[in-house]
Amino acid sequence: MATDTLTVIDNRTGRRYELPITHGTIRAMDLRQIKGAADDFGLMSYDPAFLNTASCQSRITYIDGDRGVLEYRGYPIEQLAEHSTYLETAYLLLHGELPTGRQLEAWVDSITHHTMVHENIKRLLEGFRYDAHPMGMLVGTVGALSTFYPDAKQIHDPRAREIQIHRLLAKLPTLAAFLYRHSVGMPYAYPDNDLSYTGNFLNMLFKTTEVKYKPDPTLERALDVLFILHADHEQNCSANAMRAVGSSHVDPYSASAAATAALYGPLHGGANEAVLRMLDQIGAKDHVPAFVQKVKAGEGRLMGFGHRVYKNYDPRATLIKRLADQVFAVTGRNPKLDIALELERIALQDDYFVTRKLYPNVDFYSGLIYQAMRFPVDLFPVLFAIPRTAGWLAQWQEMLLDPEQKIARPRQVYRGPGRRDYVPLERRG
Ligand code: CMC
């Protein structure tokens with residue numbers, strides 16, 4: 001009869017071990033009992049970049065990379081994108097269930113009333129140069145929030161955690177808008193509590209001399225949908241950073257700053273910015289075949305293509321492509337769309353991309369929408385960080401409440417020199 005175990009025979013000793021299989025995994029610690037000799041440390045698994053290692057059990061986000069499925073707490077991303085709002089989705093990620101009408105009202109009210117930042121944040125921003133990258137400024141200001149809220153250290157107090165979660169969700173758009181206004185030399189625009197989460201964000205970014213800013217409803221909704229699509233993506237690089245840094249029991253602002261730094265990289269959240277720069281570099285539809293040849297020759301990557309988990313079309317890319325039409329109907333068509341469509345067409349027929357299962361990911365089309373909405377290219381990763389904060393906080397809280405979690409501390413396989421004596425300077429060649 002089949003049992004849920006794995007039988008391992010160590011050919012060094014001839015000994016046989018039965019390792020339990022639970023949820024399709026074996027416990028790496030069960031390998032430790034497998035020793036070549038009595039004083040042996042025990043067997044470890046070696047898995048650079050976590051290609052086949054689950055670092056946690058999670059109930060937040062489900063991805064089936066082969067089928068192109070993404071669900072938050074069991075709800076398909078397509079349904080959330082159609083029917084939900086970003087704040088409702090953030091509630092779902094953090095609480096595990098969709099809110100009742102009353103819960104949603106209280107939640108939206110609280111987030112709306114935590115949007116102000118301390119005036120000193122403005123002075124902090126003044127210290128950045130006019131051409132400072134927005135993500136660098138975001139890492140700095142999110143981290144700095146920890147100094148404004150010493151109560152954030154009380155990470156084991158559920159109420160203190162809740163307050164920081166509300167503050168972070170509420171203040172991220174304010175920080176992002178303020179650092180944008182700093183870059184362009186415009187006075188900061190304060191939050192407007194009459195507006196929605198994304199409506200207010202557009203207000204703080206683009207308000208000029210009008211008494212009341214009125215966001216375009218199509219663009220406000222499009223941004224809200226983009227925020228839903230970016231809200232969480234299980235154990236990606238930045239979520240892993242949030243969990244790893246948070247596992248030291250540092251406050252959530254410091255951990256979020258670390259997650260933001262992880263997102264900054266061009267292989268992660270910086271990819272949407274890199275896609276736009278790539279499309280600029282290609283310049284015209286006719287140049288696409290030559291560009292694809294260069295990628296195949298190993299001269300750079302096709303940014304916005306490929307994913308560690310999706311080996312199929314990223315479901316978020318499908319939704320974003322559809323959203324682009326709605327946005328372009330208001331803003332006018334982004335001329336780079338033709339280059340992007342041609343890139344996708346050629347790549348999806350090309351053996352190099354087909355055999356490696358490289359499909360457009362979330363970042364391939366989002367930048368075109370952001371650009372059409374007048375966002376500067378280097379602000380794109382910031383537009384990823386704002387909604388992902390909900391996912392980071394959900395992952396952080398789940399990690400803190402998981403009795404199996406401890407400070408994240410991987411092992412290594414040491415391959416350096418053996419013990420040797422110090423050589424005085426005059427005797428070194
Ligand atoms: N263009 C060309 N070749 C690629 C690409 C690409 N975008 N992505 C992967 N490959 C090739 C890679 O060279 C390798 O080929 P070979 O087997 O001949 O060496 C093969 O495909 C497997 O690549 P990998 O680097 O082992 O795959 P990975 O799972 O480690 O990397 C990735 C995933 C997302 C970092 C990678 O696909 C990539 O660099 N993509 C471009 C950057 C990008 O769009 N990032 C956004 C990801 S989605 C949102 C997010 O996470 O923030």
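Of the contacts in the protein (heavy atoms within 4.5 Å) with a separation of 6 or more, 71% join residues 24 or more positions apart. Keep in mind that this is a predicted model, where local features need pLDDT of at least 70 and side-chain atom pairs pLDDT 80 or more, while totals for chains, interfaces and linings use all residues. Numbering starts from 1 along each chain as its sequence is written, and side-chain values use heavy atoms, with hydrogens and water left out.

The fold comes to 17 helices and five strands (DSSP runs numbered from the N terminus: H or I of at least four residues for helices, E of at least two for strands). Of its 429 residues, 49% are buried, meaning under 20% relative accessible area with a 1.4 Å probe, protein chains only.

Now look at helix α2, residues 86-95: nine of its ten residues are buried, so the rest of the structure largely encloses it. Among those buried are Tyr86, Glu88 and Tyr91.

On to the ligand. It has 20 residues around it, the closest being His268, Arg301, Leu302, Gly304 and Arg308 (a heavy atom within 4 Å counts). Polar contacts are pairs of N or O atoms within 3.5 Å. A ligand oxygen sits 2.8 Å from a polar backbone atom of Gly304, and a ligand oxygen is also 2.8 Å from a side-chain N or O atom of Arg308. A ligand nitrogen lies 3.1 Å from a backbone N or O atom of Leu267. The protein covers 72% of the 920 Å² of accessible area the ligand has on its own (Shrake-Rupley, 1.4 Å probe).

Terms used. Buried < 20%, exposed > 50% of the residue type's maximum accessible area, 1.4 Å probe, protein only. Polar contact = N/O pair within 3.5 Å; in protein donor to acceptor, adjacent residues only side chain to side chain.
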